[in-house]
Every structure is written in structure tokens, then in C-alpha cells.
Amino acid sequence: MSSPGPGAANDDVDLYALLGVDKDSSPNDIKKAYRKLALQHHPDKVPEDQRAESEVKFKSVTQAYEILRDEDKRALYDKHGMAAFDPTRGGGVGEEVDINDILAQMFGMGMGGGGGMGGAGAGPRRPRRGPDEESKYTVSLEDLYKGKTVKFAANKNVVCGTCKGSGGKEKVKPQQCDRCKGQGVVEAFRQVGPGLVTRESAVCDRCQGSGNYFKEKDRCKKCKGKRTVLETKPLEIYIPRGSRQGDRIVLEGEADQHPDQTPGNLVFVLEEESHDVFHRVGDDLSADLDITVAEALCGFARVVVQHLDGRGIQINHPRGKVLHPGQVLKVDGEGMPVKRGEAKGDLYLIVKVEFPEDGWLHDEAAYESLQKLLPGPPPEIKAEEVDEVEYDDDADIDEMGANSGDPRFSEGWEDEDEAGGQPQCAQQ
């Protein structure tokens, strides 16, 4: 192994004793013991004067855990001791311990930064996988209904092919960055409020996080020492029919490349455009069904809406069945496609009755004929005193109670959903 660990100075080291567990301990007991010791000896958790000693202990318990957590390695150790992992004695089956991987799995933490274990010259610990790149992609309801393949050209950073991501010319060795001392990160201060600053780690701007740099004359001519170059790559995404708002389309490994890392994913989050005709909820659609008074009373047979795939949807409504404003007709199987399968949601048509304009009949005889055809008025209301009043035929019901001080006007009453159950009366 590349750093001092169990067995480096003493071939008879007892890994079980190092972790404080018995030889027949379960994997779970070993994990708990390591977790406790790792937190206790983590270099970032101890005073500065104890850090060097803590790093040695931390590495030892981590490498001990790396062997004992693996059934095969543990069996080899139980049989042959540390000799099983010493290449000079025919061993060497174990791989170098990646402490960052173990810590990320157990604690969600790593050893990068100024307080890490590498020390000057060890170079920064970089995650094995680069970050994902996420962006919104606006898509029409028609495309969500039919499905769509989108081809586009993406500008992305790729590892320089000339220097293979080193940033320097062939056979030229880099120098350790004196700004970050080879760590790849530096401490910076950021203002978070008036008179308030916070200290945080930032990627070193001199070496771009590599921990090393090349003099200008030694830099790669193609990438100018940046280790990556900008490249345009043709890509395509497929949006399955029936996809919804918030669905994620993932292109694996197509994010920007970084040296010594597996590229992250390019992620598109679908954002559904509002539609002029249809409103979508889940796999169902709704639309207004605009009809005339004559159609509401006498029936009709016609195409009432053009669907998202261009088909006309025809409704045959019989005479004698009156349609009322706000009535809802449901058409089974004419909603959005279900994403997995051949089924579809339903289409809800909301009846909107269009009444004729004022003065549409000019003949008194026509009015009398129409009145005879239509149902008569309700029974007469009899009262001892009758006042004939004037009225506004274009009033707004939302103005009812305005300037009255009644808490029931406007927002004095809250919606049940917003208030968490019961309507709340505003205090005066």
C-alpha cells in the first residue's frame, strides 16, 4: 500500500485488536467499531497539534476496516496474516484503499481540502464521478402526447486528447501549486450578510483544482494547460409519449468531462407548456365544449375539438336531452397516453352555452313564436306591494360586500385548503 498502515511496521499487527473487536465479530459489529474510531481520529476533528498522529491512526483503522469488511480479504488475513497483502512475499491481492470512498459511503464526508490527509504534495482527493448537469426543457402538450426525438448540438468540455488531461507537454513534469500546496482547494471568505462572512473551500484558480501546474512554456499547446478543451457534440433525447411535467430525461456520461473522473450525466427536466385548448391533470385532459342554445336544446352531431394528434373528436348528442352550462361529458380513452402501456386517460368536455347577442331577433312575431316553443315562466310570486326597480345588467359578484367591513368579503374568509381545514374569520 502507498501509505503507512496496518502491518507496515509490524507484520504481526492484529487488525481485530486495532478496531477493538473480537475475531468472530459480525460485519455489522466491525462496521460500528470502525465508524466510532474513524470519527474519533478524523484529522478534521482534532486540534492542530494532534493532527499528524491522528492521520496515522486514521489511516491504520481505515485500512484495517477495508480488509475486514471484505469476506475474501478477511479470510485471507485470518489464514495468512498481513503477508497475504505484501507483494514482496507473494501476496498483494488487496487494492489501495480509497479512504474517500469508504467515508462517503458511511459518513457522507471526505478527506479533501486543507485539513485532508494528503498533506502538501499528495494532491487533491477528487470524486470519482463528475457532477450531473441539469437544465429545464420546455415541451408542448402535443409532443408529450405523441412523443418526440430532439437532436441538438451540445458544447461540452472534454479531456484534451493531446496531453491526455495532464495540461503539459509530453515528458514534462508539473510543479506543485504553491498557492494551494498541492491540495487543489484554497480557503476563501464569502460575505453572507451585512458584516457577516463565512469561510469555505474553493477550487484553486491557479491550478484549476489539479494541485499542480505547468510553466507557460511547458503547457499543452492545444488546451493551454487547462486540461480540457471545448467540443461540439451531436446528441439526441427521446421524450416518451405520455411523459409528464418534471420527468427527467438522462443522457448518461454526457456532462462536462474532468481529468481523473467519470463524467456525470446530462439531465433534462421536462417543463410542460400551457395549452390554448386542453388542460392536463395526470393522464386526463379537459377542454371546453362550446355549443349554441339551439344545440343545447335540440342536439347536434359535429366535430367539437381537434385532438393533440390532429384528429377531430365528433360528438353525437341526441335531441330531447338538454345540455346545461357547466355540465361535463366524459369521453373514455381520449386523454393522454399512459407512459408505460397502450392505455390512455379520459377526456372531459365542459359545456359552455353561447347565448345570442342582444337584438338578434328583429321581428316581434318571431319572438312570440319562440316564446310559444320554449317552456313558460315559473309561477307568479304574489305580494301585497310591488316595486319596479332599475338594475345593472353587467355587475360583478366579487364586489358584493365591498367597503362594508364584513369579514366575509374578499379574503376575510380563507379557502379550506389554504387554512388547513376550517374557514377562518378575520379579526376586527
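**Close-up 1. The salt bridge of lysine 136 and glutamate 271.** Lysine 136 is exposed, with a relative accessible area of 64%, where exposed means over 50%, buried under 20% and partly exposed in between (1.4 Å probe, protein chains only). Its side chain meets that of glutamate 271 in a salt bridge (3.5 Å, N to O), a term for a side-chain nitrogen of Lys or Arg within 4 Å of a carboxyl oxygen of Asp or Glu. The pair links distant parts of the chain, 135 residues apart, with lysine 136 in strand 1 (residues 133-139) and glutamate 271 in strand 9 (residues 266-272); strands are DSSP runs (E, at least two residues), numbered from the N terminus. Glutamate 271 is partly exposed, at 28% relative accessible area. The model is predicted, so that local features need pLDDT of at least 70 and side-chain atom pairs count only at pLDDT 80 or more, while totals for chains, interfaces and linings use all residues. Residues are numbered from 1 along each chain as its sequence is written, and side-chain values use heavy atoms, with hydrogens and water left out.

**Close-up 2. The salt bridge of glutamate 254 and lysine 156.** These two side chains meet at 2.9 Å, N to O, and the pair joins glutamate 254, in the loop between strand 8 (248-251) and strand 9, to lysine 156 in strand 2 (residues 148-159), 98 residues apart. Glutamate 254 is buried at 15% relative accessible area, and lysine 156 is buried at 4%. Salt bridges with shared partners join Lys156, Lys233 and Glu254 into one network.

**Close-up 3. The salt bridge of arginine 129 and aspartate 132.** The side chains of arginine 129 and aspartate 132 meet at 2.7 Å, N to O. Arginine 129 is partly exposed, with a relative accessible area of 39%, and aspartate 132 also counts as partly exposed at 39%.

Definitions and conventions
Helices (H or I, at least four residues) and strands (E, at least two) are DSSP runs, numbered from the N terminus.
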